[in-house]
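Visitor: Please take me through one part of this model at close range. I would like the contacts of a single side chain, and then what lies around it.

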Amino acid sequence: MSLTTAAYAVHSPTTPLEPWSFDRRDPLPNDVLIEILYCGVCHSDLHQARDEWGGSIFPMVPGHEIVGKVTRVGDSVTKWKVGDTVGVGVFVDSCRDCEPCRSGEEQYCEQGMTGTYNSIARDGVSVNYGGYSTQITIDQDYVVSIPEGIPLERAAPLLCAGITTYSPLKHFGVKPGDHVAVVGLGGLGHMGVKFAKALGAHVTVLSHSPGKRDAALALGADDFVATGEEGAFQANTAKFNFILDTVSADHEYNDYLGMLKLNGNMVLVGLPNPTKVGAFALVGKRRSLSGSMIGGIRETQEMLDFCAEKGIASDVEVIQADYINEAYDRMLKSDVRYRFVIDIASLK
Ligand code: NAP
Ligand code: ZN
Ligand code: ZN
């Protein structure tokens, strides 16, 4: 069987994505081969395709919100069988031996987790390619199970947007009655609203798009603040226990920190350019500023099972692969409710 794989790739930071093909490795004893059915379009794909974080490797096949079916298993595979419905998220390997890896937090691997794309494999040579492609070969330990009942196109974004918002809400112990603000109602933000509501919090969306008010309330948010309106920050001073900041573009952290109550915590998951944080924004109310990166394999499975139990899934706009460049343009304009997902059948 040929492992020639059709894909969409980007060849430089300034050129559009275009059809491409490459070879996946034949499954090693611990590998599975997955036929990809859907792949979500994360803002991190756009940041990396345009080399906004530096060090991007081209050609690049983005995509780390992957859902598909197992089509082959290596001789030593015990966890999966042909036909299983599975997911792959933001990383495909880690050292397995450091403290974070041993405690199931592979995303914080001391040797650096190996990204699903735009990364070099642990052999030091091969380049990893992501999910805007028809199939992927991957070690069985970095695969999760998609529970029955979640429509597959709505499950794909859970592999990044879902776990990235679930993990900090759980880690920092958001609980019923807490006042939580979610900044930015995009792919991550809309999942943040769903999870914070499911955990019993009172949820406010802070958005720079005034037109998203009705959509935010329809998603389950209790309140909405258009941050561009005069006096929006002053009117909400010291109001929240917890702020989840998912914004992809540069913005003033100090303004948002002012909305935290005594002992409040703002967690950054969005990854814009570096910006200054003022000590005065923190010390007066013993506030914290934290960060969080995706989640480990074990917690990703826990999040998927939680979604199946609570009837949670992403709200998506399914697209054909050849729409990807328009999708990037629209994502930059915050014009997606709330995640583009590529129907990979359109690549075959
Ligand atoms: P997205 O769907 O594009 O959503 C980002 C949201 O940010 C937009 O919907 C918009 O919400 C808000 N926004 C955009 N431009 C803005 C501006 N100029 N000023 C203020 N707000 C603005 O992106 P995403 O896929 O959710 O990703 C969000 C960020 O998280 C990206 O930087 C991505 O790289 C990062 N990320 C981090 C992790 C992690 O592990 N930490 C994982 C995945 C992604 P409103 O219209 O409501 O204002
Ligand atoms: Zn992502
Ligand atoms: Zn490790």
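Guide: Start with Arg 339. Its side chain reaches the backbone oxygen of Val 41 at 3.3 Å. That is a polar contact: a pair of N or O atoms within 3.5 Å, where, within protein, one must be able to donate a hydrogen and the other to accept it, and residues adjacent in sequence count only if both atoms are side-chain atoms. This is a predicted model, in which local features need pLDDT of at least 70, side-chain atom pairs count only at pLDDT 80 or more, and totals for chains, interfaces and linings use all residues. Residues are numbered from 1 along each chain as its sequence is written, chains are lettered from A and ligands numbered from 1 in the order in which they are written, and side-chain values use heavy atoms, with hydrogens and water left out.

Arg 339 sits in strand β19 (residues 339–343). Helices (H or I, at least four residues) and strands (E, at least two) are DSSP runs, numbered from the N terminus. Arg 339 counts as buried because its relative accessibility is 4%. Buried means under 20% relative accessible area, exposed over 50%, partly exposed in between (1.4 Å probe, protein chains only).

Contact means heavy atoms within 4.5 Å. Leaving aside neighbours within four places in sequence, Arg 339 is in contact with residues including Val 41, Cys 42, His 43, Glu 65, Pro 157 and Ala 161. Gly 187, Leu 188, Asp 315, Val 316 and Glu 317 are also among its contacts.

The zinc ion (ligand 2) has Cys 42 (SG), His 64 (NE2) and Cys 160 (SG) as its protein donors, at 2.0 to 2.2 Å. Donors are N, O and S atoms within 2.8 Å of the metal (3.2 Å for Na, K and Ca); water is not among the atoms, so sites may look incomplete. The sequence spacing of the donor residues is C-x21-H-x95-C. His 64 and Cys 160 link distant parts of the chain, 96 residues apart. His 64 is in the loop between α1 (43–49) and β4 (66–73). Cys 160 is in the loop between α3 (152–155) and α4 (161–171). Both His 64 and Cys 160 are buried.
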